Amino acid sequence: MNVFLTGGTGFLGRRVAKSLLERGAHVRCLVRPSSDVRSLQSFIGHDLWNGVELVTGDLTGVDACRRLIGHSDTVCHVAASLSGGTAVMFLNTVIPTRYLLAAASQAGVRRFVQISSLGVYEAANLLTGAQLDEQTPLDSHPELRDPYTYSKIVQEQVAWEYRAQTNLPLTIIRPGVIYGPGRGVLSNRVGLKLGPVLIKMGGSQTLPYTYVDNCAAAVSQACFAENVDGQAFNILDDGLPTGTQLLRKLRRAGQGVRALWVPRPMIGPLSSVYEWYSRWSQGQLPGVITRYRSDSMWKKLNYSNAKAKAQLGWRPHVTFDEAFDRSIAGGQA
Amino acid sequence: MNKPVPPPRLRMALIGCGQIADAHLQEAAKVDSVEVVAVCDMHMDLAKQAAARFRVPGIYDNLDRMLAEAKPDVVHITTPAHTHGPLTMKALAAGCHVYVEKPFTLDAIEAETVIAAAESAEKKLCIGHDQLFDPTWLDCRSRIAAGQIGHVRHIESTLGYPISGQFGAVVAGDPRHWVRQLPGGLFQNTISHPLYRILDLLPDLHPRVEARWDRTKYDFPTELWVQLRGAEITGSLTFSSSVYAQRVTRVYGDQGMLEVDFDAQTIRRHTAPKLPGAFGRLEMPFRQWREGARNLQRNLWRFLKCEIHYFSGMRNLMAEFYRSIQQDTEQPITNAEMLRVTRIMDEIFADCRSREERVEEFVPETRELEVVR
Ligand SMILES: NC(=O)c1ccc[n+]([C@@H]2O[C@H](COP(=O)([O-])OP(=O)(O)OC[C@H]3O[C@@H](n4cnc5c(N)ncnc54)[C@H](OP(=O)(O)O)[C@@H]3O)[C@@H](O)[C@H]2O)c1
Ligand SMILES: NC(=O)c1ccc[n+]([C@@H]2O[C@H](COP(=O)([O-])OP(=O)(O)OC[C@H]3O[C@@H](n4cnc5c(N)ncnc54)[C@H](O)[C@@H]3O)[C@@H](O)[C@H]2O)c1
């Protein structure tokens, strides 16, 4: 199998590359002129590096993408922008995805695997304790979400539109929060960082996490598996902790954080007050917290990874305890 | 008694739904004379996201169609700098007034063409020199007018612009980014603000310009030093990517100095001590402390009144521009001023380039010297 991989220099992408190589695939890896290729090379290691073909370029047009794909039979699209305002994320995530989808369908690839996010669902309207799985609809008000999630929702919508129009064989992977060495284990799902203090939101909600190696295995499995055209898969590990459990574990590991606790019943009302003030003051404080966003982020939900296990045959081999230790040992970037 | 009827709101449309478009749409919502009717971007996805977040009814990926269907009175141009000239010409030809983001055009030749077109169409232009209308700068101007520092003699502007910041990272990460293609590179897209803050107080049409740029670890120049010499007033501009993010202008007069910090929204006044010797050493910190207390009091009051906004200057400028259209009065920033700033920017980049060429010629000699050492 010949895979054209985007985002291969990133946190998840380099592990996807390695996993694909270990399974015998040839990986044609996109690097941008500004990408850090040396660290990718040392990560992949000498033995596997022979299976890597680097192509330098940018996803700046359909023709450019077509040339980059070359004779690959599979596209694995991991690249995305993780920071910046909405416009920047759209310019760096949605627009390149459009070009790449068009080029892939011209190239007639056998599969297009796209990395989406677990955040794309309309969680705000689920009841507390409800099940969130692949049947849950995508958010119908993506513009109310944070810029990153907004761009990921539109990126996914664009991919589904392409499939409908061109029959491009498409498989979507929706990972939860990806953690691992260099990224640490804290995320917005636990709470918000305000300088040195963590504003801990609730605490009894299960954290929808996936360890980076587990997630990479799922992505590479999606490139190989049969009968997964038109399917989306949530990628989450087993035995996930709650926010409180994670902070306790961090404290025991000597990495306690100073936290200010917002009890669960207060999250909604406080978010509404902040949202009101932000609007009333015409943006003197930015509208980063809204009721809709906090309902999407900190609700207690039941997540399911059953579909990925059943149809992709994927298993999160690294247990949470092991993954936690490796992440702590790897430090934070 | 009947209330006076306000003039009808002007229909605003915007082209270029990138980073700065958010500020335009957000500030436009605060100006009573503006009604946002349409947004346009070459990428429909970009136009759609701006329209969805700011509830704009018209969504376009084609300027001609937007001009024909949305029939705006004013077009805001927030696209990359090299497109400002042609897009402004199109909007003028469709009978619109134009608010164009800085830098006005690619160079002074293009600026002259655009201004001539606006004058013959009898339409008004506005350039995004919004910090001139920032409350802190307006305050500084009135303190100068009140004689607090005597006659202005020298203005010094510093822009600290870490490349890792929101705008810089986008440019550094993409070698083909439009900013890098500009004749003045990164500086052409960034030095307008610190430069026009100097030129606001340095009135010469043709000050003498000396400028030099330099590189750090990036493959494009990231440091810039400019000296300006007018008949009575001088200016200096420092752009650095190696210092922390800051937007500061110091105005030196023959009686004192005012330091305007746009990020802190503070003004500090320095003068020579009035008391002799050691007493002066007590007087100065006391005055600085009092100055700090005044700034705190002022900002606290503004915070309570919800007046602290990053783009207050843009809102004020927009309000004045729209008022000048409604009342057919003089533009807040004259065409002559837009042309003067553009011409001085051209001279800055030309001087930098000529110095860089001269430095490159010296390279072999330097190597020889190293060998001898
Ligand atoms: N991290 C998470 O918690 C999480 C959760 C759910 C889903 N995801 C998704 O997982 C994917 C990978 O995330 P990550 O955490 O590994 O991100 P990352 O470490 O920031 O890596 C991003 C990768 O994308 C590339 N890239 C970014 N913009 C690009 C563009 N315009 N054109 C071409 N390449 C571009 C980067 O290339 P350079 O090396 O050249 O910069 C880099 O290789 C993304 O799709 C993300 O949305 C992440
Ligand atoms: N006043 C300020 O403080 C300030 C701050 C940042 C930028 N700016 C200025 O605003 C302008 C835009 O900068 P930015 O950072 O927002 O850029 P950007 O790259 O983020 O956005 C530009 C947008 O214009 C669109 N576009 C490009 N060419 C087009 C065309 N021909 N027709 C229609 N759409 C087109 C792009 O798709 C993109 O969405 C620049 O001149 C910049 O100097 C001003």
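Mentor: Happy to! Two strands pair if DSSP finds at least two bridges between them, and helices (H or I, at least four residues) and strands (E, at least two) are DSSP runs numbered from the N terminus. This is a predicted model, in which local features need pLDDT of at least 70 and side-chain atom pairs count only at pLDDT 80 or more, while totals for chains, interfaces and linings use all residues. Residues are numbered from 1 along each chain as its sequence is written, chains are lettered from A and ligands numbered from 1 in the order in which they are written, and side-chain values use heavy atoms, with hydrogens and water left out.

Trainee: Which residue in β13(B) stands opposite E259(B)?

Mentor: Begin with the strands: β12 of chain B covers residues 257–261, and this strand pairs with β13(B) through five bridges. The two run in the antiparallel sense. Facing E259(B) across that pair is R268(B).

Trainee: In what order do the seven strands of the open sheet in chain B lie?

Mentor: Strands of a sheet pair through backbone hydrogen bonds, either parallel or antiparallel. In this sheet of chain B the pairing is mixed. At the edges are β8 (208–215) and β13 (266–270) of chain B, each pairing on one side only. Read across, the order is β8-β9-β10-β7-β11-β12-β13.

Trainee: What angle does helix α10 of chain B make with β7(B)?

Mentor: Helix α10(B), residues 192–199, packs on that sheet and touches β7 (152–160), β9 (221–229), β10 (234–240) and β11 (246–253) of chain B. Axes here are lines fitted to C-alpha atoms, for helices over the stretch in contact (heavy atoms within 4.5 Å). Angles run from 0 to 180 degrees between N-to-C directions. For α10(B) against β7(B) the value is about 170 degrees.

Trainee: Over in chain A, which strands stand at the edges of the open sheet?

Mentor: That sheet has seven strands in the order β3-β2-β1-β4-β5-β7-β12, with parallel pairing. Neighbouring strands are turned by 20 degrees against each other on average, direction ignored. Each edge strand has a single partner, so one side of each is left without a neighbour in the sheet. These edge strands of chain A are β3 (52–56) and β12 (231–235).

Trainee: How much area is buried between chain B and chain A?

Mentor: Buried area is the accessible area (1.4 Å probe) that two parts lose on being put together, summed over both. The contact takes 25 residues from chain B and 24 residues from chain A. H43(B), D45(B) and C306(B) supply 25% of what chain B buries against chain A, more than any other three residues. Carbon and sulfur atoms give 60% of the total, which is about 1,900 Å².

Trainee: Last one: why does the salt bridge of D238(A) and K309(A) tie together parts apart in sequence, and how many residues separate them?

Mentor: The two side chains meet at 2.9 Å, N to O. D238(A) lies in the loop between β12 and α8 (243–252) of chain A, whereas K309(A) sits in helix α11(A), residues 306–312. The pair therefore ties together parts whose separation in sequence is 71 residues.

How values were computed:
A salt bridge is a side-chain nitrogen of Lys or Arg within 4 Å of a carboxyl oxygen of Asp or Glu.
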